[in-house]
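Me: Please take a close look at one part of this model for me: the pairing of its aromatic rings. After that, I would like to see the wider setting.

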Amino acid sequence: FLNRVDDIVVFAPNENSARSWNLEIANVLDKPQRLQIQRGKSRLLTIEDFRDYATSMIADRPINNTERDLLEIIRKYSGGNPYRTIYLSELTPNDLAAFTPAAIEQILNEYLAPKQPDFVRLRWFLRRLAQVGHPAAVDLLLENFERLVPAIAEIGYYFIAVGEKGSSTDWKGTGEKLLKALRHTIVASSEYFQISILSLFGREPRLNHLSQLIGQYATAPPNVRREIMIAAARGGAADWLRELKESIAAMDPWSRRAYVWATNVLPQEERRFFLRSLAKQHWLDSILSKWAQG
């Protein structure tokens, strides 16, 4: 059973099991999440048909000549491997010059023009763009963020790739736009979207907006709080993390683990004394505490 919208693939031993499990998934999605499986976008496939479908999804199907040209450049340096990292220093000046905001804008506009955009293909293009990590698309993606919410995970991958390539991107401005995106109605209603954005602050220290993030901590749900703690640790906010010691008893298990990881920014003797006195509720807690103590 293949659900294309939510990227859920269920492998079943036979057709009857597949149909039964489909109903169970629909029931789970409907009751707590109020979500529905769209029959027109869900299919039962044989092994052979699924293999053909999966193969077709990783094949390049450029939406216009501009995307085709960029994909050809990426393919030239990746050897056809859609997961290989390409360094900007590898590109010739002519190939590097092809990655412009105007080119990316043209591609995005064509993908977003239909009433129901093909986000499957758009997400694939963003992943290919992340292979190179050229910063040309940063501002465009943020400016069109509301229209691109279904591709938020791929946008995150791309931003991380740009950061890892040492780009001269205006990270302060980018961080401000990401914080604005957090306040968007759709994002604010979804912990998944919030976590996707906040995880960028934890992985890219140059997105240094700790005061704003810390200000959201008190009213944030546990999953979001964990990302804020991780971002605070990456940003070296030792004083604020030190203040959280008193509230660790009230944290859920995974928040406690995120905090234990974050204590790595505290002076070694301080964190060792604190972590040795901390009760271990699970074997994972013991391993993490031992690592954090150094």
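**Aromatic rings and their setting**

Reply: Let's start with F11, which is exposed at a relative accessible area of 63% (buried means under 20%, exposed over 50%, and partly exposed in between, using a 1.4 Å probe and protein chains only). Please keep in mind that this is a predicted model, where local features need pLDDT of at least 70 and side-chain atom pairs count only at pLDDT 80 or more, while totals for chains, interfaces and linings use all residues. Residues are numbered from 1 along each chain as its sequence is written, and side-chain values use heavy atoms, leaving out hydrogens and water.

The model holds six aromatic pairs, counting rings of Phe, Tyr and Trp (its six-membered ring) with centres within 6.5 Å. F11 pairs with F50 in an edge-to-face arrangement, with 5.4 Å from centre to centre and 85° between the planes (planes under 30 degrees apart are stacked, over 60 edge-to-face, the rest tilted). This pair joins distant parts of the chain, 39 residues apart: F11 sits in the loop between β2 (8–9) and α1 (15–33), and F50 in helix α2 (residues 47–57). Helices here are DSSP runs of H or I with at least four residues, strands are runs of E with at least two, and both are numbered from the N terminus. F50 is partly exposed, at 23% relative accessibility.

Y217 and W240 form another pair, with ring centres 5.1 Å apart and planes at 85°, so this one is edge-to-face. Y217 belongs to helix α12 (residues 210–217) and W240 to helix α14 (residues 238–243), 23 residues apart, again linking distant parts of the chain. Y217 is buried at 9% relative accessible area, and W240 is buried too, at 13%.

Looking at the whole protein, its C-alpha trace spans about 60 × 55 × 35 Å along the principal axes, and buried residues make up 44% of its 294 residues. Of the contacts with a separation of 6 or more, 62% come from residues 24 or more positions apart.

Note on methods. Contact = heavy atoms within 4.5 Å.
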